[in-house]
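The sequence and structure are shown below.

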Amino acid sequence: MTDEQFENLAKRHPDLFQKAGDFEFSIGEGWYDIVDLLCGYLSYDVESAKRKLKYAMENPNAKFNKSIAELEKNVADALEQLPTLAQVKEKFGTMRFYVDGGTAEMHNYIQFAEAMTSRTCEVCGDRGTSRTGGWVRVLCDKHSREQDEKDIAAGRIPKAPTSVKLSDEWKSEL
């Protein structure tokens with residue numbers, strides 16, 4: 001993920017990232033949309049509680065079922081339930097999104113997002129499939145070909161012959 005994408009995530013979901021402090025975040029930029037959506041789901045209760053509190057404070061004559069103190073408590077409770085990001089990385093071709101805390105619902109969102117990365121190119125975000133060749137990676141056809149070309153140029157995998165001709169001597173042994 002690019003630094004710009006990471007900064008955008010931190011700006012869009014400030015409570016989630018501020019609570020985390022320093023942590024490892026190393027995934028392909030093609031998974032940005034999945035992570036952004038996941039962070040939105042994880043942060044939803046906090047953001048909703050803050051919006052309600054802000055509206056109540058800016059509109060003191062508006063009728064609410066809750067007092068300002070109750071709305072402030074809702075914000076504090078939502079922040080308490082917010083998981084702490086511990087590590088986000090690629091492992092065996094899919095994203096691992098490790099957190100401390102959070103609700104069962106939040107962990108279900110995490111599992112779903114991790115599963116989505118198993119079919120999303122980690123480079124561009126298009127539909128991808130799991131590819132092996134040293135490391136397991138999820139790549140679209142275009143980025144798989146590019147990776148193969150890099151591996152061939154680096155001598156990590158031999159270039160496939162365009163045709164194979166068996167000698168007559170070898171054929172007779174079959």
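## Basis of the description

Helix axes are lines fitted to C-alpha atoms over the stretch in contact, and angles run from 0 to 180 degrees between N-to-C directions. The model is predicted.

## Packing of α3 and α4

Helix α3 spans residues 32-58 and helix α4 spans residues 68-81; their axes come within 8 Å and cross at roughly 160°. Angles over 145 degrees count as roughly antiparallel, and α3 and α4 are therefore roughly antiparallel to each other. Their crossing is left-handed.

On the α3 side, the contact is made by D45, V46, A49, K50, K52, L53, A56 and M57. On the α4 side, the contributing residues are I68, L71, E72, N74, V75, A78 and L79. Sorted by class, the contact of α3 with α4 has 10 nonpolar, 1 polar and 4 charged residues.

## The setting of T117

T117 belongs to helix α5, which covers residues 104-117. Burial is defined as a relative accessible area under 20%; T117 has a value of 0% and is therefore buried.

The side chain of T117 takes part in two polar contacts. One of its polar atoms lies 2.9 Å from the backbone nitrogen of M95, and the T117 side chain also reaches the backbone oxygen of E114 at 2.6 Å. Leaving aside residues up to four places away in sequence, T117 touches W31, I34, G93, T94, M95 and V138.

Terms used: Residues numbered from 1 in each chain as written. Predicted model: local features only at pLDDT ≥ 70, side-chain atom pairs only at ≥ 80, totals over all residues. Heavy atoms only, no water. Helix = DSSP H or I, 4+ residues; strand = E, 2+ residues; numbered from the N terminus. Parallel < 35°, antiparallel > 145°, perpendicular 65-115°, else oblique. Left-handed = near helix turned anticlockwise from the far one by under 90°. Contact = heavy atoms within 4.5 Å. Nonpolar A, V, L, I, M, F, W, Y, C, P; charged D, E, K, R; others polar. Buried < 20%, exposed > 50% of the residue type's maximum accessible area, 1.4 Å probe, protein only. Polar contact = N/O pair within 3.5 Å; in protein donor to acceptor, adjacent residues only side chain to side chain.
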